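Hi,

Here is the structure I promised to pass on.

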Amino acid sequence: DLILLNGGGYGYGYFNIDSMSQEFLLNNISELSDDLVRSISYITLNQVLINYKLDPKRFVRLLSCTLQSEKEKQNIQLMLDYLQKSWWYYLNQDERLKMASIIEGCLFDFIKTQKSNEIKSAAYQTLVSIFVSENAQNKFYSIWKNQQGYEGVKLSENDYCTIAIELSLRNYPGSDAIMKE
């Protein structure tokens, strides 16, 4: 069902995959037992996206939906990076707004279930950079206003400043007052 060029991870470059292999990966990537093969599969799908041969909405959904099942830290970091970049580079504003509650919800839930502070922090940083829904804006405003972390993620002064800037960029009600504080 799958032909994965560069499955051993030794090559460098764009390896185009056939449509059957692409569909297989999109539907079964989390079932692949080998960490390296999963990593190469995410890299391959990202390359397919960059070459405009993959619907970015499918890729973003795949990344957010398979985060919970991924156990390899390096793969999680890679997925979060691809999620953030795909969110801003390949989706338009209407697509982001339509997908926001699902993607943000997956990230909020992912943070809650993680034991590793490193992974929680990485997921939090991704979430704070992509949130657009009113619900997420309200959550981040509450975090900022109460100067509290989220689900064990400890925040610094810089993190609170980032929240204030992100809320301001999204024209959150009262963002002028937030920026003055």
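Below is what I found, starting with the overall fold and ending with a few single residues.

First, some ground rules. This is a predicted model, where local features need pLDDT of at least 70, side-chain atom pairs count only at pLDDT 80 or more, and totals for chains, interfaces and linings use all residues. Residues are numbered from 1 along each chain as its sequence is written, and side-chain values use heavy atoms, with hydrogens and water left out.

**The overall fold**

The protein has nine helices and zero strands. Helices (H or I, at least four residues) and strands (E, at least two) are DSSP runs, numbered from the N terminus. The radius of gyration is 18 Å, close to the 16 Å from the globule rule for 181 residues, so the protein is as compact as a globular protein of that length. That radius is taken over C-alpha atoms, and the rule is 2.2 Å times the number of residues to the power 0.38. Along the principal axes, the C-alpha atoms fill a box of roughly 55 × 35 × 25 Å.

Of the 181 residues, 45% are buried. Buried means under 20% relative accessible area, exposed means over 50%, and partly exposed is in between (1.4 Å probe, protein chains only). As for contacts (heavy atoms within 4.5 Å), residues 24 or more positions apart account for 60% of those with a separation of 6 or more.

**Aromatic rings**

How do we describe a pair of aromatic rings? We give the distance of the centres and the angle of the planes. Rings of Phe, Tyr and Trp (its six-membered ring) pair if their centres lie within 6.5 Å; planes under 30 degrees apart count as stacked, over 60 as edge-to-face and the rest as tilted.

The structure holds eight such pairs. One of them is F59 with Y82: the centres are 6.2 Å apart and the planes are at 45°, so this pair is tilted. F59 sits in helix α3 (residues 56-66) and Y82 in helix α4 (residues 73-89), so the pair ties together parts 23 residues apart in sequence. Both F59 and Y82 are buried.

Then look at Y141 and Y172, whose ring centres are 5.2 Å apart with planes at 25°, so they are stacked. Y141 belongs to helix α7 (residues 134-146), while Y172 is in the loop between α8 (157-169) and α9 (175-180), so this pair links parts 31 residues apart in sequence. Y141 is partly exposed at 24% relative accessibility, whereas Y172 is buried, with 10%.

There is also an aromatic cluster, formed by F108, Y124, F131, F140 and Y150. Two of its rings have a charge over the face: K139 lies over F108, 4.0 Å from the ring centre, and R170 lies over F131, at 4.1 Å. For this to count, NZ of Lys or CZ of Arg must be within 6 Å of the ring centre and within 35 degrees of the ring normal.

**Cysteines**

How many disulfides are there? A disulfide is a pair of cysteine sulfur atoms within 2.5 Å, and the count comes to zero. The sulfur of C106 has its closest cysteine sulfur in C65, 4.8 Å away, which is too far for a bond.

Most residues other than glycine have a negative phi. Y52, in the loop between α2 (35-50) and α3, has a positive phi near 60°, and Y52 is exposed at 69%. N171, in the loop between α8 and α9, has a positive phi of about 55° and is exposed at 63%.

Cheers
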